[in-house]
Every structure is written in C-alpha cells, then in structure tokens.
Amino acid sequence: MATVSHDEALANARRLLNGQPGAALAQARAILEAVPGSAAAHRLAAHALRALGREEEAQAASLAAVGATIHDAAMVGAALALAEDRLPDAEAALRQRLREDATDVAAIRMLAEVAGRIGRYADAEKLLVRALELAPGFGAARANLATVQYKQNRFADAAETLDAVLEGDPDNPAHANLKAAALGRIGGYDEALALYEQLTARFPDHAKLWMSYGHMLKTVGRQDDSIAAYRHAIETEPGLGEIWWSLANLKTIRFDAADRTAMEDALLAAEPAGAARDDDRLHLHFALGKAYDDAGEAGHAFRHYAAGNAIRAGQLGYDAADTRALVDTTIRTCTADFFAAREGQGDPAPDPIFILGMPRAGSTLIEQILSCHSAIEGTMELPDIPALALGLGREAKEDGRRWVEALADAPSEKLADMGAAFLRGTAVQRKTGKPFYIDKLPNNWLYVPLIRLILPNAKIVDARRDPLDCCFSNFRQHFAKGQAFSYSLADMGAYYRDYVRLMAHIDAVQPGRVHRVIHEALLDDPEAEVRALLGFLDLRFEEACLAFHANARAVRTASSEQVRRPINRDGVGQWQRYDAWLGPLKDALGPVLAAYPAVPAHI
C-alpha cells in the first residue's frame with residue numbers, strides 16, 4: 001500500500017469508528033495486511049474492538065501498537081529526545097501525539113517517563129495506570145509503575161507490583177533487585193535475602209546485584225558476608241566506584257596498599273570520560289579518602305574527600321540561603337501564641353518517638369539503645385514527615401517549600417488527618433506489638449513544628465554532637481540520597497548553625513517538649529543519660545538498654561556496624577588531624593562552635 005493510500009485508509013477507518021466499528025475494524029485489519037508495522041492501524045483496531053465490547057482483543061491490539069512504534073518516525077523522535085534528556089522536546093512531541101490519539105499507550109508511558117524525570121511522580125503514576133488500563137500486558141509500563149511507587153516511598157505497593165512484573169519477566173535481575181530493595185524498606189529482610197541468594201546464584205557476574213546483596217547483608221549485621229559480597233562485586237567490575245565506597249562505608253575495615261592502588265587505577269580510568277563517569281569518580285574519591293585516612297595520610301585523605309564533595313556539590317546545587325530562609329520563616333511564624341492557639345489539635349496517638357538532629361550525631365546509637373527496651377520498636381529513617389510537609393505546601397500553596405505558611409492556615413481537622421496519615425503510612429514498619437516505635441530521620445528537625453501540631457503526644461529527642469566532629473564526619477560521608485548541605489564545609493557549618501537556631505527557638509516557645517542528648521555526655525556516662533532519656537519517655541529503666549551492641553536488629557544507616565560495638569570514643573576528635581583545612585567550617589559555625597554544648601545568646 002502506498003503512503004498516500006495508507007493515510008487515506010487510516011482516515012476512512014477513523015470516520016467509520018463513529019457508528020460502524022465493525023467496518024472500521026475490517027479497514028484497520030486490511031491496512032495491517034498491507035503494512036504490518038502500522039502502529040496507527042493497531043490503535044484503530046483497538047478503538048474498534050472496544051466499541052464492539054471485545055475488551056481483551058482491544059488490549060492485545062493496544063499492546064501490538066506499542067511494538068509497532070519502532071516504525072513510527074514521530075515516536076522514534078520523541079524517544080531520541082528522551083534518550084538525550086531533551087525533555088521539553090520529548091514532552092511537546094508526546095502531547096501532540098496524545099492530542100491525536102489519547103489511547104496511544106506507548107506515548108502515555110513515555111510521557112510518564114518525562115514526568116518521573118522531573119519528579120512529578122504522582123502525574124507519572126496516573127499516566128502509567130491509564131496505560132495499564134488500556135494494555136494490562138504492557139510489562140514495561142508496569143515495571144515503570146513499580147519504580148514510581150518505590151520513589152514515592154510506597155515500598156509495599158512497589159513490591160506487589162513487581163510480583164506481577166516478574167511473572168511476565170522472571171529473568172530480569174533489575175526487577176528482582178528492585179523488589180528485594182522494596183522488601184528491605186518494609187522490614188522483609190528474610191524474603192529479600194532469599195531473593196538475593198537466588199539472584200546472585202543465577203547472575204554471578206552482575207556486580208550491582210552483588211553490591212545490593214552486600215547492602216542487605218550489612219543491614220542485618222552479617223558483616224563478614226557483606227564484605228565478601230562487596231569483594232565479589234569488585235572482582236567482577238573493579239571500576240564501579242559505588243562498590244568501593246560501599247566497602248569503605250562499613251567503617252570497620254581498613255584498606256591496604258593494594259586496595260589503594262586498585263582504586264587509584266580505577267579513578268585514573270574514569271577521569272577522561274568526564275561527567276559520564278562522575279558517579280564512579282566521586283565514590284572512588286570518598287573511598288580513597290577513607291583509605292588514606294586509614295594509612296594516617298591526612299593530606300592525601302582530605303584531597304580526595306574534597307574532590308568527591310566538589311563533584312557531588314556540583315550535581316546537587318544546594319543553596320544554604322534556602323535553609324536559612326525556611327528557618328527564619330518558621331521562627332517568625334511558630335511562636336508561643338501560635339502553638340497555644342492550636343493546643344489539643346492533631347492526632348492524640350503517643351506511639352511515635354522522633355530522634356532527630358544532624359546526621360552523624362549519634363541518632364543511630366540512641367535508636368539502638370531505645371530499641372532494646374521492651375516497650376520500643378526501632379524501625380529506620382522514615383520519609384513520611386518531610387513528604388507530609390511538602391505535600392501540604394503543594395496542596396495549599398502550590399509550592400512544597402511554603403509548607404510553613406500552609407501549616408499556619410491548616411484547620412484542626414487537617415492537622416488530625418495528617419497525624420493519622422503518618423500513623424497509617426508507617427504502620428508497615430511495625431513488626432512487633434510494642435506500644436512505641438522510632439522514626440530516626442535526622443532532618444526532621446526542620447519539621448518539629450509540624451510534628452508538634454499533628455502528633456502532639458509524640459516524643460521528640462534531639463541528638464547533638466560536637467560541631468567539628470559532627471560536621472567533619474558528614475564531610476567524609478557520601479550519602480545514598482539527600483543531605484545536599486553536607487558536600488561543602490561552609491554549607492555544613494551554616495546548616496548546623498540553622499539547626500541549633502531553630503531548636504533553641506523550639507526550646508523557648510515549647511519548653512520541655514524536646515529532650516536533648518549530648519553525644520559526648522552519653523559516651524561519658526551512658527547509664528545516667530539513658531535513665532534521663534527513658535524518664536523523658538515516661539518509661540522505666542531496663543538494663544538491656546546498656547547492652548545495645550548485642551541487639552541483632554537490622555540497621556540501615558551508615559553507623560550500622562559501629563552501633564554493634566560497645567560504647568567507645570573512637571569517633572571523638574577525629575577532626576583534629578584535619579584542622580588545617582577546616583577554616584570555612586569554623587567560620588560558618590560562628591558562635592555555635594565556642595558555646596557548645598551550650599547555645600549562644602545570639603546565633
């Protein structure tokens with residue numbers, strides 16, 4: 001069939017759809033006999049079949065249209081724009097296609113990918129759900145849906161969706177890996193480990209799979225097995241920087257000269273490729289910083305830490321002024337009168353215990369201690385509070401960053417609904433019948449006013465550590481995600497200062513509502529500090545809390561191996577041998593540094 005007659009036949013079939021779906025179907029099939037690769041004809045057949053009530057056949061036709069997309073110049077152009085990250089071009093082309101045919105499931109899926117890349121996950125999910133309504137057998141769209149659910153922290157939903165994905169594609173290690181990761185996020189460690197064991201047996205040369213297996217082994221405290229998994233991954237792909245950093249991030253191993261040479265070689269190999277290898281380079285720099293630190297070569301170590309931080313800072317584009325402005329707004333808005341006017345609102349459940357503060361300030365140690373108590377369950381760093389805050393800002397002010405303004409306008413019922421939403425959303429993390437459970441996301445310090453209003457009977461514990469030890473520990477740490485402030489000494493000092501400033505304000509307007517644990521005091525006199533902490537929580541003292549290192553519970557943070565050792569002072573004063581390079585940090589900390597552990601009158 002010539003191009004002109006093909007187009008004319010398509011136009012005629014579209015006209016027949018209105019009132020004569022049987023004839024339209026016959027025309028579509030005639031086109032496909034002549035041009036089997038016509039995606040438009042497959043879509044027309046799907047329309048006609050739906051009009052005839054033959055839904056199962058319509059879904060098959062929609063799926064056939066997806067396969068035929070490779071012959072569609074416009075869709076190939078949109079796919080190329082996506083591959084080259086020209087998102088505006090891809091979006092314009094895809095929206096034009098969907099104006100022409102709103103049921104083009106390939107275009108719907110690709111538009112969902114555009115939405116996902118710019119963080120509009122809710123929009124991406126709606127599009128993917130629509131694509132799957134039209135073509136339930138569209139495995140790629142279902143896999144995308146699982147990824148979108150995972151990125152929205154809906155790990156149970158992602159695991160369930162991945163069950164269906166794996167039924168249709170059981171040999172795909174990426175899908176199985178994501179399912180294991182999702183299971184790990186909801187405490188399904190045994191199932192996740194079993195899945196990893198199957199996967200690594202089937203794909204012994206898949207380095208990233210072995211790395212993920214190592215992460216899960218680390219989480220459950222199987223350190224020797226974790227090291228073996230990481231080492232296997234390195235043998236398979238020695239240039240993958242994230243594996244070297246994963247090994248370094250155990251904190252308890254020491255790299256030798258052969259390791260340093262291997263990492264330096266990998267770094268040299270990654271340098272010429274530019275931005276395409278930035279992730280490998282930054283991970284290798286952080287791992288080499290640890291390696292030279294182990295060797296006592298502070299100058300070389302700092303050079304690598306600084307290089308890794310510079311790469312990551314360039315990727316994230318953090319602006320300390322944004323945090324300062326948020327803290328200013330919070331202090332200005334959340335006064336004593338503000339809290340008094342909302343007394344008794346929110347959800348009254350006392351179950352959550354929030355441990356917050358700076359990362360690397362001892363929050364994991366506090367959680368490990370408390371999780372040994374018969375009434376308290378440890379979970380992990382939960383993303384729910386920031387998600388609730390940003391969602392409130394988007395809903396009420398069309399900007400997640402304006403959540404404080406939105407909180408000020410929120411009616412009583414909204415506060416109660418948000419508290420209940422937190423309890424529902426985190427219920428999947430609770431595996432025991434203990435009455436209290438912990439959320440130890442450090443960055444929740446930014447959201448203390450929200451916590452106080454939506455969960456007024458929840459307890460809040462502020463973990464605080466010496467500013468130089470804490471901030472330099474962050475500077476040496478590459479985080480899997482978030483913590484954008486931590487990749488610059490000056491930004492880190494400003495962040496710590498803003499944290500102290502906001503918490504001092506909370507102490508003034510909500511006295512007694514936050515219990516502060518000074519890390520060094522906990523190291524000096526653990527029993528006294530634990531007794532005081534449990535007193536704040538209205539719980540009796542239990543000796544088991546002092547034997548926290550014997551607790552076999554899973555721990556997901558960078559301190560997972562450190563909290564499996566008795567109280568020690570190994571981390572105290574580690575900044576001192578790097579003192580010559582810490583001027584920007586000290587300047588940014590200002591009066592907070594000299595006053596610690598007290599708080600200066602003017603911050």
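Ile-376, Gly-378 and Met-380 point to one side of strand 2, Glu-377 and Thr-379 point to the other, and all of them are buried, where buried stands for a relative accessible area under 20%, exposed for one over 50% and partly exposed for what lies in between, computed with a 1.4 Å probe on protein chains only. Strand 2 spans residues 376-380 and is mostly covered, with 5 of its 5 residues buried; strands (E, at least two residues) and helices (H or I, at least four) are DSSP runs numbered from the N terminus. Strand 2 runs parallel to strand 3, to which 3 bridges join it, and pairing of two strands requires at least two bridges found by DSSP. Within this pairing, Glu-377 stands opposite Tyr-437 of strand 3.

The model is a predicted one, in which local features need pLDDT of at least 70 and side-chain atom pairs count only at pLDDT 80 or more, while totals for chains, interfaces and linings use all residues. Residues are numbered from 1 along each chain as its sequence is written, and side-chain values use heavy atoms, with hydrogens and water left out.

**Aromatic contacts**

Rings of Phe, Tyr and Trp (the six-membered ring of the latter) pair if their centres lie within 6.5 Å, and planes under 30 degrees apart count as stacked, over 60 as edge-to-face and the rest as tilted. By this rule there are 20 aromatic pairs. One of them is tilted, because the rings of Phe-302 and Tyr-578 have their planes at 40 degrees, with centres 6.5 Å apart. This pair links distant parts of the chain, 276 residues apart, with Phe-302 in helix 18 (residues 298-316) and Tyr-578 in the loop between helix 29 (526-536) and helix 30 (583-589). Phe-302 is buried at a relative accessible area of 11%, and Tyr-578 is buried at 0%. The rings of Trp-445 and Tyr-495 have centres 5.3 Å apart and planes at 80 degrees, so this pair is edge-to-face. Trp-445 lies in the loop between strand 3 (436-439) and helix 25 (448-454), whereas Tyr-495 belongs to helix 27 (residues 489-509), 50 residues apart in the chain; both Trp-445 and Tyr-495 are buried. Phe-302 and Tyr-578 also belong to one aromatic cluster, together with Tyr-305, Phe-472, Phe-475 and Trp-581.

Two charged side chains sit over aromatic rings, as listed in the table; the criterion is that NZ of Lys or CZ of Arg is within 6 Å of the ring centre and within 35 degrees of the ring normal.

| Charged residue | Ring | Distance from ring centre |
|---|---|---|
| Lys-459 | Phe-536 | 5.9 Å |
| Arg-531 | Phe-541 | 3.9 Å |

**Pocket and cavity**

Rolling a probe the size of a water molecule over the atoms shows where empty space is left. On a 1 Å grid over the protein atoms alone, a cavity is a set of points where a 1.4 Å probe fits but cannot get out, a pocket is an open set with protein on both sides within 12 Å along at least five of seven lines, and lining residues have an atom within 4 Å of a point. Grid points are joined across faces, edges and corners, and a volume is the space filled by probe spheres set on the points.

The second largest pocket holds about 340 Å³ of space. Its lining has 18 residues, of which Gln-152, Asn-153, Arg-154, Asp-384 and Gly-425 lie nearest the centre. Helix 10 (155-168), helix 22 (384-397) and helix 24 (412-426) each supply at least two lining residues, and the largest share, 4 residues, comes from helix 24. By class, this lining divides into 10 nonpolar, 5 polar and 3 charged residues, where Ala, Val, Leu, Ile, Met, Phe, Trp, Tyr, Cys and Pro count as nonpolar, Asp, Glu, Lys and Arg as charged, and the others, Gly among them, as polar.

**Backbone details**

The peptide bond from Tyr-596 to Pro-597 is cis, with omega near 5 degrees, and Pro-597 lies in the segment after helix 31 (591-595). Asn-153, in the loop between helix 9 (139-151) and helix 10, has a positive phi near 65 degrees although it is a residue other than glycine, and is partly exposed at 26% relative accessible area. Gln-483, likewise not a glycine, has a positive phi of about 55 degrees; Gln-483 is placed in the loop between helix 26 (467-475) and helix 27, and is buried at 11%.
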